[in-house]
Amino acid sequence: MARALVLIDLQEWVVERYAPDGGTAAARAAERARRSFRESGDLVVHVRHLALDGSDGGPDSSVTRFVDEVTVEDDDPVVDKYDRSAFAGTRLDGLLRDHAVSDVTLAGLVTEGGIAGTAVDALRLGYRVSVLLPAIAGNTPAGHHGALDDLLDRGVTVRESIQ
């Protein structure tokens, strides 16, 4: 039973626009989780949100870069997405299945956006799903808590710590 940590939208523009109050702290916690998963030999996947029309300059643009708080190592897969869910029209499901992943832990931004959309799709695809509470942030406190309540009702586990 393999695990994967999926880090969602930990990009400067997402922090600045959608999670200015908690995004940096979530990114720091996500980095701690990333190191822990790597040390355990588990898969770490970075998900980057891009504009479908290329107006953000694409994956090599300074606009779409990952935050400095999170390290992307050379052998960490990066999945580009154009929708809320990291599974929508991407290679994420195939990548996880290629690594025999059954348990997916989500971290990143924002709770009521990329985290919730990805969690719901992961459940639909048959993964066991958890979110790492210190490593996620919402657009608003109400949106964050509402999304967490909905995810709990759907069977997602909310984890308070990395291990």
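1. **Ground rules.** The model is predicted, so local features need pLDDT of at least 70 and side-chain atom pairs count only at pLDDT 80 or more, while totals for chains, interfaces and linings use all residues. Residues are numbered from 1 along each chain as its sequence is written, and side-chain values use heavy atoms, with hydrogens and water left out.

2. **What the record says.** An unreviewed UniProt entry carries the annotation "domain: Isochorismatase-like" for residues 4-161. UniProt positions are given in the numbering used here, feature names are shortened, and such annotations may be inferred rather than shown by experiment. Over residues 4-161, the chain is 37% helix and 24% strand, with the end C-alpha atoms 15 Å apart. Helices (H or I, at least four residues) and strands (E, at least two) are DSSP runs, numbered from the N terminus.

3. **The sheet.** Start here if you want your bearings. The order β3-β2-β1-β4-β5-β6 describes an open sheet of 6 strands with parallel pairing; two strands pair if DSSP finds at least two bridges between them. At the edges sit β3 and β6 (157-159), each pairing on one side only. On average, neighbouring strands are turned by 25 degrees against each other, direction ignored. Axes here are lines fitted to C-alpha atoms, for helices over the stretch in contact, and angles run from 0 to 180 degrees between N-to-C directions.

4. **Strand-to-strand pairing.** β1 and β4 (residues 101-109) run parallel and share 7 bridges, with Leu7 opposite Ala107 in β4. β1 also pairs with β2 in the parallel sense, over 5 bridges, and there Ile8 stands opposite Val47 in β2. From β2 to β3, which run parallel, there are 4 bridges.

5. **β2, covered on both faces.** Is β2 buried or exposed? It is largely enclosed by the rest of the structure, because 7 of its 7 residues are buried, where buried means under 20% relative accessible area, exposed over 50%, and partly exposed in between (1.4 Å probe, protein chains only). In a regular strand the side chains alternate between the two faces of the sheet. For β2, one side has Leu43, Val45, Val47 and His49, the other has Val44, His46 and Arg48, and all are buried.

6. **A salt bridge between strands.** Arg48 stands opposite Asp80 in β3. The two also form a salt bridge, with the closest N and O atoms 2.7 Å apart; the term means a side-chain nitrogen of Lys or Arg within 4 Å of a carboxyl oxygen of Asp or Glu. This pair links distant parts of the chain, since Asp80 in strand β3 (residues 78-81) and Arg48 in strand β2 are 32 residues apart. Arg48 is buried at 13% relative accessible area, whereas Asp80 is partly exposed at 23%.

7. How many salt bridges does a search of the whole structure find? The total is 15. Among them, Asp42 meets Arg3, with the closest N and O atoms 2.6 Å apart. Here too distant parts of the chain are linked: Asp42 is in the loop between α2 (23-39) and β2 (43-49), Arg3 is in strand β1 (residues 2-8), and they are 39 residues apart. Asp42 counts as buried at 19% relative accessibility, while Arg3 is partly exposed at 22%.

8. Contact means heavy atoms within 4.5 Å. Helix α5 (residues 141-154) lies across β5 and β6, running at about 165 degrees to β5.

9. **Helix α4.** 10 of the 14 residues of α4 are buried, so this helix is largely enclosed by the rest of the structure. The buried ones include Gly113, Gly114, Ala116 and Gly117, and the cover includes β1, β4, β5 and α5. Arg124 and Asp121 both lie in α4 (residues 111-124), 3 residues apart, about one turn of the helix. They form a salt bridge, with the closest N and O atoms 3.6 Å apart. Arg124 is exposed at 60% relative accessible area, but Asp121 is buried at 17%. Just after α4, Gly126 takes a positive phi of about 95 degrees.
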